[in-house]
Amino acid sequence: MGVLMSRRQTVERVQKVSLAVSAFKDGLREQPSTRRRAEAGTARQGTLEQEVQEGEEEALAGPSQPEESSAGKAAWERLRDGRGVEPEEFDRANRFTPPAFIRPKRELHDDEPPDISLEQREQILNDEMCEICEVWTAESLFPCRICHRVYHDGCLRRMGFLQKDSAVEVTETAHTETGWSCYYCDNLNLLLTEEEMYSLMETLRNCKIIPGACLTLDDFLHYKHQVHKQQFERTMPEAQEEQAALQFNALDPDKKGHIEWQDFLSHESIQLLQKIRPQNALLRLLTPKERERARAAFLALDQDNDGFIGEGECRQARHTWFRKHQKEMPSCNVSISHVGPISEGSPASSRNGKSPEKILPATKQEETRNIDWPGFLRENVAYILAARPNSAALHLQPLA
């Protein structure tokens, strides 16, 4: 076990070094005291007493920047590194080292249409060993409903990703149809490349958004107005403001009067992905589990098996991606691979004898417009990705 942990720590150090190199692009510079210590270390071999004396001198001199500025800088660094915002008082004693996330990179072929067949099903296999400790135990592993990773609940706690309020939820949902997203898949911000993240951070800075802060409706609308004015150099239309208010309500399902920082960050991340990347590039982000759920949804809606569905049915599927938090948990016997849109023939719907959501009435235009399998994926891919977080918030509100 000690060897395993040593190897993982070595990998983490390499990752952190890579992130430190990219930090210079953001204007980060070493503190003068740190630079002096590094230069002095190459010229002489300091004793323990000398190092203690240097530390006392620096403590008496005080920080070179105001404390508030230092805390804000640390928050932006954590945001850039994909770790969100961690409470300063969070106790890391006797915990594993948190992972150093490496942001993805765009490939040359990302914009080409991916080959996702409707007829060819994909085999879903979860890992056999815990992602954190790399140890296998058969009875206590929690699978992610998005990716192939599995986890021990104890390892999640030691990583700080499983707090008291979320432990019960993970235990109850991980092996059900509702499912649970691991800390990789739960954070939509980790889908952004380094360049995309810099773009988002610049927008947040210009709009005076503080990392970690909750946003009220007025804050959210003010931010949306500023972003629209910066992008188009004109005032945001009233209709678009109403749509932003609807999105705020979707991000605040409990009607608390504010939206949490992580929900706001996930919403802005998926919005940026929609603006910057073509749909083919977004399709390449889908995991085998998500593609299988999309197949099940399309085949359930294609009643006559002609390979086409109506636009109204496609719109219905767009809403059902967010069926993650049901008041009554489905049976634990339901396979984890069936999480997602629920059809009339699914185990969850047969329990009630009717479909959970009836097909919305279609207009004449919707009745005449048919959508094939590739079109179904393109029109729904953003909503499939937006449904990844465990939060009850709708990070991308489907249009009515």
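What share of the contacts in the protein chain with a separation of 6 or more is accounted for by residues 24 or more positions apart? Such residues account for 74% of these contacts, where a contact means heavy atoms within 4.5 Å. The structure is a predicted model, in which local features need pLDDT of at least 70 and side-chain atom pairs count only at pLDDT 80 or more, while totals for chains, interfaces and linings use all residues. Residues are numbered from 1 along each chain as its sequence is written, and side-chain values use heavy atoms, with hydrogens and water left out.

The protein chain contains 16 helices and six strands. Of the 400 residues in the protein chain, 40% are buried. Buried denotes under 20% relative accessible area, exposed over 50%, and partly exposed the range in between, computed with a 1.4 Å probe on protein chains only.

For each pair, the axes are lines fitted to C-alpha atoms over the stretch in contact, and the angles run from 0 to 180 degrees between N-to-C directions. Helix α7 (residues 194–206) packs with helix α10 (residues 261–276) at an angle of about 120°, and the two axes lie 11 Å apart. This angle makes α7 oblique to α10; angles under 35 degrees count as roughly parallel, over 145 as roughly antiparallel, 65 to 115 as roughly perpendicular, and the rest as oblique. The crossing of α7 and α10 is right-handed. A crossing is right-handed if the near helix is turned clockwise from the far one by less than a right angle, and left-handed if anticlockwise. On the side of α7, the contact is made by Glu196, Leu200 and Leu204; α10 contributes Trp261, Phe264, Leu265, Glu268, Ser269, Leu272, Leu273 and Ile276. These residues comprise eight nonpolar, one polar and two charged. In this classification Ala, Val, Leu, Ile, Met, Phe, Trp, Tyr, Cys and Pro are nonpolar, Asp, Glu, Lys and Arg are charged, and the others, Gly among them, are polar.

Helix α10 also packs with helix α8 (residues 217–232), here at an angle of about 25° and with the axes 14 Å apart. The helices α8 and α10 are therefore roughly parallel to each other, and their crossing is right-handed. In this contact, Phe220, Tyr223, Lys224 and Gln231 of α8 meet Phe264, His267, Glu268, Gln271 and Lys275 of α10. The contact divides into three nonpolar, three polar and three charged residues.

From α8, the contact involves Leu217, Phe220, Leu221, Lys224, His225 and His228, and from α9 it involves Gln240, Glu241, Ala244, Ala245, Gln247, Phe248 and Leu251. By class, seven of these residues are nonpolar, four polar and two charged. Arg234 is located in the loop between α8 and α9. With a relative accessible area of 48%, Arg234 is partly exposed. Apart from neighbours within four places in sequence, Arg234 is in contact with His228 and Lys229.

Backbone geometry was also examined. Most residues other than glycine have a negative phi. Glu134, although not a glycine, has a positive phi of about 60°; Glu134 lies in the loop between α4 (67–80) and β1 (141–143). Lys208 is likewise not a glycine and has a positive phi of about 60°. Lys208 lies in the loop between α7 and β3 (215–216), and its relative accessibility of 69% means that it counts as exposed.

A disulfide is a covalent bond between the sulfur atoms of two cysteines. The structure holds zero disulfides, a disulfide being a pair of cysteine sulfur atoms within 2.5 Å. Cys214 counts as partly exposed at 38% relative accessibility, whereas Cys314 counts as buried at 0%.

Finally, Ala392 lies in the segment after α16 (373–386) and counts as partly exposed at 39% relative accessibility. Ala392 and Asp254 are separated by 138 residues in sequence and by 8.6 Å in space, C-alpha to C-alpha.

Key. Helix = DSSP H or I, 4+ residues; strand = E, 2+ residues; numbered from the N terminus.
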